[in-house]
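Biologist: Before we look at any one part, could you show me how to read a model of this kind, going from the whole chain to the packing of its parts?

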Amino acid sequence: MNKQRPYKVYWLVWTLVLAAVAAAVRLWQEATAFEGEYGLPIPGATASVVLVCVLVMAVAVLAMLAARQPVVTPPRAKVRGRRWDMSFFATGDSVFLALMCISAFCALASVPILFTKGRALWKAYQVALAMKTWRGGDNGVLGMVTAVLALLAFFGLLQIGREGFRPGRRGKGGFWAALPACAGCGWLLGTYRNCAADPVLWDYVPLLLAVIAGMLMYIDWAGMSCAAARPRRMLWLAGMTVVCSWVALASRPDTGTTLLLVSQWVAAVAALHRLPINLQNPPTVGSEEKLSAPTGMPQEIEIPMENKEEDTHV
Amino acid sequence: MDDEVREVVTPPSRTQKDTSLGYELYLNVRTLVFVLAALILVFTFVVRIIVVSGESMENTLQNGDSMLVWCLGYEPKQGDVVVVTQRSYQNDSLVKRVIATEGQRVDIDYETSTVYVDGVALEEPYIKEAMQIPIYGEGVNHVTVPEGCIFVMGDNRNDSADSRYPDIGVIDTRCVIGRAVMVLFPFQDFTLL
């Protein structure tokens, strides 16, 4: 018998501390590690080295937390058809619902901004083509595609929050969580396309890493509804999403990108808030008492050996 | 003899369990997403595919050619075809050949269509045609390349905005994206550079 530790608190505290430190170092780097009119990087700048160290430390710390995350495997019969509920059933958890709603509406708010910007770039591209003055660059298509996908992500995120309050239904949740992952694909391609000609990696690598972390988190989130569940990896990715998003936000990106970043880090915080609770206290669907058990209070549970496997919800 | 009949319930094997359409679909989507993420990382840190826009590198590169550009740990060397960005001129990248690196002296003689580096005339079988004085004048034609910079020119000397052009000038090596190593597309132009 083991004492249950409040892993939810560990996750949130470590993640937010690491994110705050990384963002602060990023601001320091922006102030000291670039020179000239076009912001070329100063080779071997202290702030750049420190930022790399902080990011590596974040990877390691979150990986250790994930490796030590207790996961209780309920009997197979209780899990079958309810894999999603085992991870994200959240009846009575208004924090989870509120976070998912905030995340969804941030994604929604980015839609008109991204679409308007993409459309303006597309018009400029058409004019430049007609005048034969096009010198390459962003033609706005991927911006508009990202806007449409962000709209789908809004429905997906809202539905994820809703599914936490609706027990049962085999395979639920997976499709909806895949929508923000698909939005991440479009966003990633657009971001890369816009930055491919930039020789200064620091200008865009934090954003690329944030988008990739968020995209992988969502795709693992979608997998929680089927036998491909990787709860520990998902926790790690959620932590990295928060850290990388804060670093990217410290660079003060445009409004559309900022909203998408806020959307994904709020969703990641929601996952870090809910998932460790359910992994340690597998909910009995239909019984809300289990869910409302305070995670900060020690409880005695037994962690079977097979929980060492990643795929717990079989 | 034990006459009790026991119902033997065989748990579904992993194969049976995991063959639902949703599961298979999810695995495929997950694979695609992971591959996309890996490709973006590789195309950010290791290599890039860049499409040539313009005629400034003819006959070595044609307009519309897709090149594989090596980025990881690249240090510019004389004679390499490189992709650079000079934001004082344009936001998109430029493809040029490195004529001289830091500390070298470049002298361009338009009368004989010859480029001298440290007083030695370059043999340039790759240029399209003999150089003529550009439309903007002789530009930067006698220069010692400063530390951390390179001097680049297009192979199509008479239709190339390069280090001779005052708005571009010598290029900071931090603006170098990488070295073009081969032409990938179209297949008939496939060649190592």
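Modeller: Let us begin with chain A, whose secondary structure comes to eleven helices and four strands; please keep in mind that this is a predicted model. Of the 314 residues in chain A, 49% are buried, and among its contacts with a separation of 6 or more, 79% join residues 24 or more positions apart.

Biologist: At what angle do the axes of α6(A) and α7(A) cross, and how should I read that angle?

Modeller: The angle is taken between N-to-C directions, and a value over 145 degrees counts as roughly antiparallel. Here helix α6 (residues 141-163) of chain A and helix α7 (residues 174-195) of chain A cross at roughly 155°, with axes that come within 7 Å, and α6(A) is therefore roughly antiparallel to α7(A). Sorted by class, their contact has 17 nonpolar, six polar and two charged residues, and the crossing in which α6(A) passes α7(A) is left-handed.

Biologist: What is the arrangement of α7(A) and α8(A)?

Modeller: The axes of α7(A) and α8(A) lie 8 Å apart, and the helices pack at an angle of about 160°, which means that α7(A) is roughly antiparallel to α8(A). Their crossing is left-handed. The residues that make the contact include A181(A), W187(A) and L188(A) of α7(A), together with V211(A), M215(A) and W221(A) of α8(A), and by class the contact of α7(A) with α8(A) divides into 17 nonpolar, four polar and no charged residues.

Biologist: Which residues make the contact between α8(A) and α9(A), and at what angle do these helices pack?

Modeller: α8(A) and helix α9 (residues 231-250) of chain A pack at about 155°, with axes 8 Å apart, so α8(A) is roughly antiparallel to α9(A). The crossing of α8(A) and α9(A) is left-handed. Among the residues in contact are L209(A), A213(A) and M217(A) of α8(A), and L237(A), T241(A) and C244(A) of α9(A); the residues of this contact divide into 15 nonpolar, three polar and two charged.

Biologist: Turning to the interface, how many residues does each chain give to the contact?

Modeller: In general, the size of an interface is often given as the accessible area lost when the parts come together, but here we can count residues. Chain B gives 26 residues and chain A gives 28 residues. On the side of chain B that touches chain A, the elements that give two or more residues are α2 (21-45) and β11 (176-185) of chain B, and α2(B) supplies the largest share, eleven residues. That side of chain B divides into eleven nonpolar, seven polar and eight charged residues.

Biologist: What covers the buried residues of α2(B)?

Modeller: The buried residues in α2(B) are Y26(B), V33(B) and A37(B), and their cover includes α7 and α8 (205-222) of chain A. As for its length, α2(B) has 25 residues and reaches 36 Å from its first C-alpha to its last, close to the 36 Å expected at 1.5 Å a residue.

Biologist: Is V98(B) buried or exposed?

Modeller: The cut-off for a buried residue is 20 or more other C-beta atoms within 10 Å. V98(B), which lies in strand β4 (residues 94-100) of chain B, counts as buried because it has 23 C-beta neighbours inside 10 Å. Leaving aside residues up to four places away in sequence, V98(B) touches residues including P76(B), V82(B), I150(B) and V152(B). The C-alpha atoms of V98(B) and V81(B) are separated by 6.3 Å, although these residues are 17 residues apart along the chain.

Methods: Residues numbered from 1 in each chain as written. Chains lettered and ligands numbered in written order. Predicted model: local features only at pLDDT ≥ 70, side-chain atom pairs only at ≥ 80, totals over all residues. Axes fitted to C-alpha atoms, helices over the stretch in contact; angles between N-to-C directions. Parallel < 35°, antiparallel > 145°, perpendicular 65-115°, else oblique. Left-handed = near helix turned anticlockwise from the far one by under 90°. Nonpolar A, V, L, I, M, F, W, Y, C, P; charged D, E, K, R; others polar. Contact = placed C-beta atoms within 7 Å. Expected span 1.5 Å × (residues − 1). Buried ≥ 20, exposed ≤ 12 C-beta atoms within 10 Å, placed from the backbone.
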